[in-house]
Amino acid sequence: MENAARLYGEGVRAFMRLASSIRDELKLSLCLAKASYCDFMKAYCEALGLRKSLEDVKAKGGPAGPDEVGRLKMLVRLAERCLRETVRRLEKLREVIEDEALRGEMTELIKMVGEKVEPFLDFRDEVEGLRPDMEEVRKG
């Protein structure tokens, strides 16, 4: 998970560098949506890795410290915010993209998000419990 988180972090930086040179508003919006997705996945991977290490400590009979549990909850909240941002950006793009190449890129990103939403929501529920304000993300 550490390697995946590191790679997604590199993805964020790459998309942000790319975004600084894009002048077309729709391409810029899609690039920022991809960066938001990478932010989401980075935080999600870090949270999964931390949960695994907490489970390993618990399996060995050790206590999970409140700082680690707090960090896990913070990472889940961060991932949730990044996921919401990605969905928000994609919803805006869905309404205006007509270019087939950009629409294809957007569709691929939507597919990637769709594959991660339910597992993330289940994970989030394990960590923090279900919150009613997530219903709008589940629909997106």
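Biologist: Is the crossing of α3 and α4 left-handed or right-handed?

Modeller: In this predicted model, α3 and α4 cross in a left-handed way.

Biologist: At what angle do α3 and α4 pack, and how far apart are their axes?

Modeller: Helix α3, which covers residues 66–96, packs against helix α4, residues 100–128, at an angle of about 150°, and their axes lie 10 Å apart. Because angles over 145 degrees count as roughly antiparallel, α3 is roughly antiparallel to α4.

Biologist: Which residues in α3 and α4 meet?

Modeller: On the side of α3 they include L72, V76, A79, L83, V87, L90 and L93, while on the side of α4 they include M106, L109, I110, V113, V117, F120 and F123. Charged residues take part as well, for when the residues of this contact are divided by class there are 15 nonpolar, 1 polar and 7 charged.

Biologist: How do α1 and α2 pack, and what is the angle between them?

Modeller: Helix α1, residues 2–19, and α2, residues 25–59, pack at an angle of about 160° with their axes 8 Å apart, and α1 and α2 are therefore roughly antiparallel to each other. The crossing in which α1 passes α2 is left-handed.

Biologist: Which residues of α1 and α2 meet, and how do they divide by class?

Modeller: From α1 the residues in contact include A4, Y8, V12, F15 and M16, and from α2 they include L28, L32, A35, Y37, C38 and M41. By class, the contact of α1 with α2 has 16 nonpolar, 2 polar and 4 charged residues.

Biologist: How many helices and strands are there in the protein?

Modeller: The protein has 5 helices and 0 strands, and reading along the sequence gives the pattern α-α-α-α-α. The C-alpha trace spans about 55 × 30 × 20 Å along its principal axes.

Biologist: How much space lies in the largest pocket, and which residues lie nearest its centre?

Modeller: A pocket is an open space with protein on both sides. Here the largest pocket holds about 170 Å³ of space, and of the 10 residues that line the largest pocket, R51, L54, E55, V69 and L72 lie nearest its centre.

Biologist: Which elements give two or more residues to that lining, and what classes of residue does the lining hold?

Modeller: Those elements are α2, α3 and α4, with the largest share, 4 residues, coming from α2. The lining of the largest pocket divides into 5 nonpolar, no polar and 5 charged residues.

Technical notes. Residues are numbered from 1 along each chain as its sequence is written. This is a predicted model: local features need pLDDT of at least 70, side-chain atom pairs count only at pLDDT 80 or more; totals for chains, interfaces and linings use all residues. Side-chain values use heavy atoms; hydrogens and water are left out. Axes are lines fitted to C-alpha atoms, for helices over the stretch in contact, and angles run from 0 to 180 degrees between N-to-C directions. Angles under 35 degrees count as roughly parallel, over 145 as roughly antiparallel, 65 to 115 as roughly perpendicular and the rest as oblique. A crossing is left-handed if the near helix is turned anticlockwise from the far one by less than a right angle, and right-handed if clockwise. Contact means heavy atoms within 4.5 Å. Ala, Val, Leu, Ile, Met, Phe, Trp, Tyr, Cys and Pro count as nonpolar, Asp, Glu, Lys and Arg as charged, and the others, Gly among them, as polar. On a 1 Å grid over the protein atoms alone, a cavity is a set of points where a 1.4 Å probe fits but cannot get out, and a pocket is an open set with protein on both sides within 12 Å along at least five of seven lines; lining residues have an atom within 4 Å of a point. Grid points are joined across faces, edges and corners, and a volume is the space filled by probe spheres set on the points.
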